[in-house]
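Subject: Structure handover

Hello,

Here is the structure we talked about. Please open it before reading on, as the notes below follow it part by part.

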Amino acid sequence: MKKLVSTKMGFFAVALVLFWIKTYTIYKFEFNLGVSGAMQEFLLFFNPLSSGLIFLGLALFAKGRRAGIWIIVIDAILSFILYANVVFYRFNSDFITIPTLMQTDNFGSIGGSIADLAQMHDLLYAVDIILLIVLYTTIRKGWSVSRIQLRKPFMVLAAGVLAFTINLGLAEADRPQLLERTFDRNYLVKYLGAFNFTIYDAIQSAKTSTRRVLADSSDIVKVENYTKSKYAEPNEAYFGKGEGKNIIKIHLESFQSFLIDYKLHGEEVTPFLNSLVHDQEKGFTYFDNFFHQTEQGKTADAELITDTSLYGLPQGAAFVTKGSNTFQGLPAILGQQQGYTSSVFHGDGKSFWNRDEVYKHLGIDEFYHEAYFDMSKENVINYGLKDKPFFEESMQYLEEMDQPFYAHMMTLTHHHPYLIDEEEASIEPAETGDGSVDRYFQTARYLDESLEQFFNDLKEAGLYEDSIIMIYGDHYGISDNHNRAMAEITGEEITPLKNADLQRVPFMIKVPGVEGQGINHEYSGQIDIMPTLLHILGIDARDYIQFGTDMFSEDHKDFVPFRNGNFMTEKYSYVDGKYYDNATKEVIEEPTPEMKEMHETVMKELELSDEVLYGDLLRFYTPNEDWQPVDENEYFYGGPDDENGKVEE
């Protein structure tokens, strides 16, 4: 046995087995892949084999002792890719894609989150590399300096290809059209493995990069036909009632709706937001069945969806990968049709999520980024400017803006890992033992206090009464990797359906001169914000390519697609391949034709939205005779001592 291990092929075999064991262990303990049934269990165990044979097998072509070095280096690279996915998955419940890796400008700002996500037991994932190094230094002297016979590495590669072919065949038998319907990356990793998924993702990314070149004006016609067929007539009680009013759009970072009315240690976590929901005199309408619809782009996806009524991409962030596209979004429409000045306020670097470029294509006049705020140490935590100084310092710029204005205020403090200075925490943390979940309530309270202060400042400045105020959550804050702690918080087991339910985020809106509805139970999502706001301003949404519909309309389409193909309706939901009865929470064993048709509609809608973004199809579309395409060269976002916004001719 010792003699066998000391050979090059023996060393390769040891490396392969260690790689296989580590990969499978990580699958089982780090990823929540929803494995069910003997076939899926077998494929989860089997799928690392093909990757190990092919990638490590390439090292056998090296001459002499270098084969061992190549094996160690390749194993280390594969291990790094796997561990990067572990850390990424702990917060995002998702896997790294090629478009995600293109978002390199964001890496400098996420160090705190990465450090919080790393765990002590992660050191065990390097043990196999250390063992291989020790073994190699012990046995390499006995190796021949000549190259191994070529038939051996070719046989290893052939075995890897055969293993993958068997793997793919069994996967397709258990999950037909696995590679054709790829909205859910969990399925791909579960069936094919993390490394095969990475290769597949690279191929898909290369294919999508060519779609813009091949697109032409005929491609937008079917999209237009679909969106016009989905159009919902405006509600006369709201249509045009906000025309000429300022719009203040407040973006609640990582804020999920379960926080509304939630009590911790006997205290309301968000007393101010609760008052907006329940006090009719404040004039707000609160949609309690409103969902975020973001994917890997998270905050950037939320911005894209709410300002364009297009879905984010299934991989990466459209702000980064498609930031130079033609858009027909709210800022440009409001500016052209009703003379609005548009602005974004965000206490972080201007290039994060490629904002300083994509905002030009959206036609945003002014961008107030970190250069406009006091970013001294006491004002900054985690991702950027704390919410209280952010709102306080933003007031001077709001008061100086030409009216009517469309102002997008983006909060930051309530962001993973939910850090807060002890003296600023006005509620004790939860006691689940999960740090992120426990601190989540403290930063939510801080955000709530920040909003109350901001509302008071708006009133004092005379901006409150004459403004449409819209508040929405951008994406989840607690991923399904925290299900144990969330079960304690909610008092319920976090099933797949319950996790889908938890994707609710707040949406509330006040329109001057219109009585608020209190709590509205209509099922809706971020995709519906743009057409709703257009109708409130008296602009008919019919002209524009939009996948959402007016939430106040009697014809509102109340199904809510998620980016992975799941969806929610009032009576039933589709989650991870199963239909559920919302009332009983039970699986519907025999879904009706209507349910299956709804699933097909959701998939079609997501695919059409992807075609718009991948093909940059809006460059071929003119919504009406008054529309002028946005010229990004007219915008520049500098600092307070430079030009900011639209450059005058």
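Is Ser524 buried or exposed? Ser524 is buried, because its relative accessible area is 0%. Before the rest, please keep in mind that this is a predicted model. Ser524 belongs to strand β14, which covers residues 524-525. Apart from neighbours within four places in sequence, Ser524 is in contact with Phe287, Asn289, Phe290, Phe291, Met551, His556 and Val560.

Next, the salt bridges. The whole structure holds 23 of them. In one, Asp307 is joined to Lys249, with 3.1 Å between the closest N and O atoms. Asp307 is in helix α15 and Lys249 is in strand β1, so this pair ties together parts that are 58 residues apart in sequence. Asp307 counts as buried because its relative accessibility is 4%, and Lys249 counts as buried at 0%.

A second salt bridge runs between Lys386 and Glu424, where the closest N and O atoms are 2.8 Å apart. Both partners are in loops: Lys386 in the one between β9 (384-385) and α19 (387-400), and Glu424 in the one between β10 and α20 (435-460). The two are 38 residues apart. Lys386 counts as buried, with 4% relative accessibility, whereas Glu424 counts as partly exposed at 24%.

Lys585 is in the loop between β18 (578-581) and α24 (593-614), while Asp501 is in helix α22 (residues 496-501), 84 residues away. Lys585 is partly exposed at 47%, but Asp501 counts as buried at 14%. There is also a network, in which salt bridges with shared partners join Glu30, Arg90 and Asp122.

Now the aromatic rings. The structure has 46 aromatic pairs. One of them is formed by Phe11 and Tyr136, which are tilted at 50° between the planes and lie 6.0 Å apart, centre to centre. Phe11 is in helix α2 (residues 8-30) and Tyr136 in helix α8 (residues 127-139), so the pair links parts of the chain 125 residues apart. Both Phe11 and Tyr136 are buried. Elsewhere, ring pairs link Phe345, Tyr368, Tyr372, Phe373, Phe390, Phe391, Tyr397 and Phe454 into a cluster.

Tyr464 has charged groups over its ring. The charged end of Lys459 sits 4.8 Å from the ring centre, and Lys510 lies over the face of Tyr464 at 4.6 Å from that centre.

Helix α17 covers residues 330-338, and its buried residues are Leu330, Pro331, Ala332, Ile333, Leu334 and Gln338. What do these residues pack against? Their partners are β1 (246-252), α15 (299-308), β6 (341-346), α18 (355-362), β10 (405-410) and α23 (529-536). After α17 comes Gly339, which has a positive phi near 70°.

Ile69, Trp70, Val73 and Ile77 make a nonpolar surface patch of about 370 Å². Trp70 is part of helix α5 (residues 66-92) and is partly exposed, with a relative accessible area of 42%. Ala158, in helix α9 (residues 151-174), counts as partly exposed at 44% relative accessibility. Ala158 and Ile54 are 104 residues apart in sequence, but their C-alpha atoms are 8.2 Å apart in space.

Regards

Methods
Residues are numbered from 1 along each chain as its sequence is written. This is a predicted model: local features need pLDDT of at least 70, side-chain atom pairs count only at pLDDT 80 or more; totals for chains, interfaces and linings use all residues. Side-chain values use heavy atoms; hydrogens and water are left out. Buried means under 20% relative accessible area, exposed over 50%, partly exposed in between (1.4 Å probe, protein chains only). Helices (H or I, at least four residues) and strands (E, at least two) are DSSP runs, numbered from the N terminus. Contact means heavy atoms within 4.5 Å. Patches are made of residues with over 30% relative accessible area and no salt bridge: like charges are joined within 9 Å, nonpolar side chains (Val, Leu, Ile, Met, Phe, Trp, Tyr) within 5 Å. Accessible areas come from the Shrake-Rupley method with a 1.4 Å probe; for residues, only the protein chains shown count as cover. A salt bridge is a side-chain nitrogen of Lys or Arg within 4 Å of a carboxyl oxygen of Asp or Glu. Rings of Phe, Tyr and Trp (its six-membered ring) pair if their centres lie within 6.5 Å; planes under 30 degrees apart count as stacked, over 60 as edge-to-face and the rest as tilted. A charge sits over a ring if NZ of Lys or CZ of Arg is within 6 Å of the ring centre and within 35 degrees of the ring normal.
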